[in-house]
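Me: I would like a close look at a single part of this structure, taken slowly and with its surroundings kept in view.

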Amino acid sequence: MVPRAEFASYYGRPVIKAPAWAARDIAGYFFLGGLAGAGSVLAAGAQLTGRPALATGMKVASLAAVSLSAAALINDLGRPSRFANMLRVLKPTSPMSVGSWLLSGYGPAAGAAALSAVTGRLPRAGAAATATAAVLGPAVATYTAVLAADTAVPAWHGAHRELPYLFAASATAAASGMALVLAPAHENTPARCGAVLAAAADAVTTRAAKRRLGMVAETYREGRAGRLLRCAEVLTGAAAATAALMGGRHRPAAVTAGLALLAGSACTRFGIFAAGIASAEDPAYTVVPQRTAMGATAPPSE
């Protein structure tokens, strides 16, 4: 009996300004940074457990990923000098400032670890660099979630508690997928275990985020974001099952599962990015949360 509420803003303009981030650059930066950070942790574990092929492959992959991640960030900034300017001060309350310093410390460590592994020279320095990259890796993989949640974008800020865990799960899935592609079957047990854990954590945290977001969770189910996140769920779940059941015996199955995990992780990052932009552009997701926070019970009628 009651007509459907219509949400609007003054002059039809968005209530908040959507981030001027390019999806290719920033969503790619999210994905590649996660792959690099989680990959360094996996590389350190492989080195400690006597899996040289897996360790070397993941060190090189992490270096390539963080290099591409930095390139995507600089491309979005427009000029390399803008990245250098962010290093003039360290502001602990700014995720971008902390992230810039993290990348500046992590990148050289990942590079030194990969160079030592490939050339076989300076093994002690390589081991120290590997350990440093592994220590910084989790922060590199998840600080972008804090960066996104620190904005006023409803789909990101509303899930600020779950987003870092979701990014960690997605990063683990990507690193496990890369390991399955690069490592021989007799060395990929950690990657197969990581794939299963990442798939479970991804599903749990995604559902928890949607419950917390309420009506804003529609942005995670509809449009481009919905399609990407559904693809991510299917790819990650199927890949984890394939890796667990056949990845240790059949090299082609392991590679297929690894590629699916990488694709699923990328879909997750691009889907979350798309959901955030959609929530910022639609007044329905900005007017209602603000009025609810002020104690209002119904949207204004116009």
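Which helices do the buried residues of α10 pack against?

Reply: This is a predicted model, and what follows should be read as a description of that model. The buried residues of α10 pack against α7 (163–182), α8 (189–213), α9 (218–221) and α11 (251–281). The residues of α10 that are buried are Ala225, Gly226, Leu228, Leu229, Ala232, Thr236, Ala239, Ala240 and Ala243. As background to such a list, residues three or four places apart in an α-helix point the same way, because the helix has 3.6 residues a turn.

The length of the helix can be checked as well: α10 covers residues 223–246, and at 1.5 Å a residue its 24 residues should span 34 Å, which agrees with the 34 Å between its end C-alpha atoms.

As for the setting, the chain has twelve helices and zero strands, and buried residues make up 49% of its 302 residues. Among contacts between residues at least 6 apart in sequence, 75% join residues at least 24 apart.

Elsewhere in the chain, a pair of helices can be described through its axes: those of α4 (residues 95–119) and α5 (residues 123–149) come within 7 Å and cross at roughly 150°. Because angles over 145 degrees count as roughly antiparallel, α4 is roughly antiparallel to α5. The crossing in which α4 passes α5 is left-handed, and the contact of α4 with α5 has 18 nonpolar, seven polar and no charged residues.

Technical notes. Residues numbered from 1 in each chain as written. Predicted model: local features only at pLDDT ≥ 70, side-chain atom pairs only at ≥ 80, totals over all residues. Heavy atoms only, no water. Helix = DSSP H or I, 4+ residues; strand = E, 2+ residues; numbered from the N terminus. Expected span 1.5 Å × (residues − 1). Buried < 20%, exposed > 50% of the residue type's maximum accessible area, 1.4 Å probe, protein only. Contact = heavy atoms within 4.5 Å. Axes fitted to C-alpha atoms, helices over the stretch in contact; angles between N-to-C directions. Parallel < 35°, antiparallel > 145°, perpendicular 65-115°, else oblique. Left-handed = near helix turned anticlockwise from the far one by under 90°. Nonpolar A, V, L, I, M, F, W, Y, C, P; charged D, E, K, R; others polar.
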